[in-house]
Amino acid sequence: MEQAQLMFAATGALIFVFGLVAGLRDDSLLGRIIAINISGVGLFLLLVALAYRGLCQAADPIPHALVLTGIVVAVAASGLAIAIGRKLDELRNSSHRREGDSS
Amino acid sequence: MSTNAWLPLLILWSSLVPGLIIFSLDESRQRLRTALNLIGAITKLLLVAGLIWGVYRELLFEFRWTLAPGLDFVLHADALSVLFVSLSTLLWLVTTIYAIGYLEHSPDRSRFFGFFSLCVTATVGLAMAGNLFTFVIFYEALTLATYPLVAHKGTPEAIRGARIYLGYTLAGGVLLLTGAVWLRTLAGPLDFAQGGILGDIPGLDPDALRWIFLLLVAGLGVKAALFPLHGWLPRAMVAPAPVSALLHAVAVVKAGAFGIVRVVYDVYGVEFSGELGVLMPLGALAAFTIIYGSVRALSQDHLKKRLAYSTVSQVSYIALGATILGPLATIGGLVHLVHQGVMKITLFFAAGNYAETLGVHRVSEMNGVGRRMPVTTAAFTVAALGMIGLPPVAGFFSKWYLGLGALEAGAGAWVIPVLLASSALNAAYFLPILYRAWFLPAGPWPLENHTHHRGETRPSLQWPPMVTAALAVLVGTFAAAPFSPLEWVELIATREYR
Amino acid sequence: MSSLLVLIATLPLMTALACLLHPRGGDQLSLVASMIQLVASVLLVTELPSRSSLSHALGGWAPGLGIALGADPLAGWLVLLCALVQFATTLYARFYFCDSQARYRLWPLWWLLASALYALLLSGDLFNLYVTLELLGLSAAALCTVGAAKAEALEAALRYLLLGLIGSLLYLAGVALVYAEYGTLDVSALRTLISSSPASLASLVLLSSGLMIKCALVPLHFWLPAAHSSAPAPVSAVLSALVVKVAFYLLLRLWFELFTPVVTSAFATLIGLLGAIAVIWGSWQAFRATRLKLLAAYSTLSQMGYLFMFVPIVMALPEGDTRQFAYGALLLLAVSHGIAKAALFMGIGSLQQHLGHDEIDRLGGSARKLPVTLFAISLAGVALVGLPPSGAFLAKWALISSSLVSGQWWWMLVTLVGTLLAAAYLVRVLGAAFAPTAAAEPALPTCRLALQQPALLLAVLATFGLGFAASPVWDTLSLSPPEVQR
């Protein structure tokens, strides 16, 4: 493994771990979603580093395919999480308003 | 599949199928429900008659179905299973008739009779189980089928009683399961065989076998109400009277005792268990339970509770008989399986009649009931005298053979005193009831249920105790006739000690 | 019969699309599709004995680049389980969601979840498995929100989604390590490649922990009770019966087929220990639960624990009949729990719709009003506790017997205690249901039979069907034991 490749891989792994730890903490919803996304980015960095086969040589396509799929999945998941979060907010607000009306 | 495989299966289905149909019936379809019940009971009786004849001719009845590798579901009819099958089939018929009368106009009857049929299905299956695995299946199924019956009334008391019942029996089931699995891993498929199977297998660790025996007997002893595992039985008397009759005489308690007999005779083999030295402690426990149950019965004012403790005591005769080496004791113990059933069911029918007609639940309220309800009380008297061991009622023969067997085996020194003490105690708790019922002036009843029938109570309640009391006398009087329980048990004993 | 594999894998996806494009026909489409799926799965399982495993390369692309579908007995039986539960719950969901708008939203997601399930069971490539896992997590979380009117339900769904994502990321990290070490992700190729090394161990731990979040093994279980108990009943049924089960299936594949050189007996014992804790703790929490759905969710936790307890036992047994027996019992327990738990959740759903709540202490009188449902719940309970004549009884017998044979009798003790605890929580429910109606309760309308029947169907199947006709499970396994293929 070349030094550059190793650096990328190690950085990726570090970002992955940081993101994971942040995602597991009981933070705000948006914070957690972003943390999980960052963790994913770290993982993708690691995968891209693995695909490197040396200068002037084609990179290994399979990790790249993995990364592409992973990005799509991450976007979709973030979208779903935000959608649920918005619905949750609406529900909470309306119930607050109802409580406010009745009191 | 040959006819001989079908017969045990049909006997099982003859109560299973009506039971399942009854579940789906609407509450108001009383006629159809009664018809299904009776058709099932009578069909079963006829099939069992065929089975008795076949087993007497030494035909092989066996149904085998593989559930998992090395685990076969086996229904097998031998002389011992026929004894139990015919007892429960006959008493089921009578109890069904009684229950139809007893529960007239009460709610949830479809559920009740559905589970009633499942209960007898489990009992018959247990009687015909051909190996320990199948036995465990039906033993647990019996527990499950009786729980809704005990809880039937739905009162907090009934639900508590049912919960205690289930707690005891499921814990017992777990012990039995453990023992059975352990034994299966050591000794192979465990198909019951007269004379036992373990004695012929070389290289078994005797200590492991002793532990397994303890587990099995503890598991079975819960249902057989062996001291100190008997606690559920007096509490389960909150159930309706037909259910008590079923618990005490036909199904549950008998299933435990029958299981002990199976384990001693057909798994371990009576001689091999003697060599292992496990019979003596079991016999001592049984003897203690006999005395203990009788002593506790003395102080019970609640009639059904007194009868429950009497059951605790009487059922241990069966276990006692199984632990004494020799054909005569075997005869005494096994025949008590039938005799106790017939007598105890009569007592519970009568107790149910008192409660249903006069609202009498306690012994202290029974003054003069004999004059108000002579037929029921006569039946009660016959059964009570039989329990004490007065000839010619059936109970006498059990005790006679047990005593003879004990003498033959050289255990007379402790068994005979136990028998005598138990008889004296039985007399001490039954005779005062009889005295009150017949000779004391009639008191005001808690609840006079004015029925528009001419007899002392509804006919469907009055006939069953009469029939079973007559049966108790007949079985005793004609003990030597062919196909009487005593003769049949002698057949079993000769085959066991062959 | 490889076209069967293609049908099973693609039909749910096509149905999902069709339900999305033509929402009014969703009810009929779903019913027909679930029936076809059931028939196809039965055919698949009957096909299994004649060959050791089926496989099909989609579009003619060889495994490695293309997507290969494959089925061995383990996958085949789980496909059948999925099809069965899917069929019954589809029938049930049709009547459970009275509001047709909710059903329009339900069906596409419902079938998306199904396609994830089947694709996961039939895939033979670690990365495809990642994709199906993600699809499973997303569609399951989305399903939890269908018809949700309470904030708690949405919160639980959100939590479920985020934890699922974290689980998938861990899994993906494991996949990356495997690829870095061995240069392929094809399961059948990896089977011969993987050897004991620090990298293998690290990837095993990453893959396993990701999946263990998804199947809620203690101590990663905290999301499950809330998510499973606040979803609508048909969804809870599928989540508890199938979604956690397929994650466990993947773990089985990893531990028994791929990473066998890496999985030491200490590792297996650790897994078994976590399973044992799950059994006891889950049963205890179920016993203390005040709501029926929460009870069922905790019971899932403890039932999954039994499956994990099998791991050290099967590992310790020598290859051959005794191991086969235990492995088959493991599969049988998974199948029978799936069916019984689906029946339980559907029964609880009927009760909840009928009574307007699912509090155990207020069940009085329901035994008289909904006898069919109560009967179904009791039968499902029998199968969950593992009492005869259910399939779970056979499995527990095998569990106890195998633990004795392998000399690890302590698993037997856990099983026995767990069984008694399970019986205790079941009896609590039945006792409450048998009690007479509280006077204050309003008179209730009678429940539609159509809503009650699917639960009864599955409960009968789990109790009597699997109890008396389970031997084919062992028969198919003995023809192609996954351990022997190596």
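The legends below describe close-up views of a predicted model. Local features need pLDDT of at least 70, side-chain atom pairs count only at pLDDT 80 or more, and totals for chains, interfaces and linings use all residues. Residues are numbered from 1 along each chain as its sequence is written, chains are lettered from A in the order in which they are written, and side-chain values use heavy atoms, with hydrogens and water left out.

**View 1. The second largest pocket, lined by residues of chains A and C**. A pocket is an open set of points on a 1 Å grid over the protein atoms alone, with protein on both sides within 12 Å along at least five of seven lines. The volume of this one is about 780 Å³, a volume being the space filled by probe spheres set on points joined across faces, edges and corners. Its lining (residues with an atom within 4 Å of a point) has 34 residues, and Lys150(C), Ala153(C), Ser229(C), Ser230(C) and Ala231(C) lie nearest the centre. Two or more lining residues come from each of α2 (29-51) of chain A and α6 (151-182), α9 (224-230) and α13 (321-355) of chain C. Helices here are DSSP runs (H or I, at least four residues), numbered from the N terminus. α6(C) gives the largest share, 7 residues. By class there are 15 nonpolar, 8 polar and 11 charged residues; Ala, Val, Leu, Ile, Met, Phe, Trp, Tyr, Cys and Pro count as nonpolar, Asp, Glu, Lys and Arg as charged, and the others, Gly among them, as polar.

**View 2. The largest cavity**. A cavity is a set of grid points where a 1.4 Å probe fits but cannot get out. The structure holds 11 cavities of 30 Å³ or more, and about 150 Å³ of space lies in the largest. Of its 17 lining residues, Ile36(A), Asn37(A), Ala74(A), Leu165(C) and Leu169(C) lie nearest the centre. At least two residues each are supplied by α2 and α3 (61-102) of chain A and by α5 (126-144) and α6 of chain C. The largest share, 6 residues, belongs to α3(A). The lining divides into 12 nonpolar, 4 polar and 1 charged.

**View 3. The second largest cavity**. Its volume is about 120 Å³. Among the lining residues are Leu133(C), Tyr160(C), Ile213(C), Lys214(C), Trp223(C) and Val243(C). α5, α6, α8 and α10 (233-258) of chain C each give at least two residues. The classes are 8 nonpolar, 2 polar and 1 charged.

**View 4. The loop between α8 and α9 of chain C**. Ala216(C) in this loop has a positive phi, near 60°, although it is a residue other than glycine. Ala216(C) is buried, at 1% relative accessibility (buried means under 20% relative accessible area, exposed over 50%, partly exposed in between, with a 1.4 Å probe and protein chains only). Pro219(C) lies in the loop between α8 (198-214) and α9, and the peptide bond to Pro219(C) from Val218(C) is cis, with omega near 5°.

View 5. Pro389(C) is in the loop between α15 (371-385) and α16 (391-405).

**View 6. Ala225(B), with a positive phi**. Phi of Ala225(B) is near 60°. Ala225(B) is found in the loop between α7 (206-223) and α8 (232-235) of chain B and is buried, with a relative accessible area of 0%.
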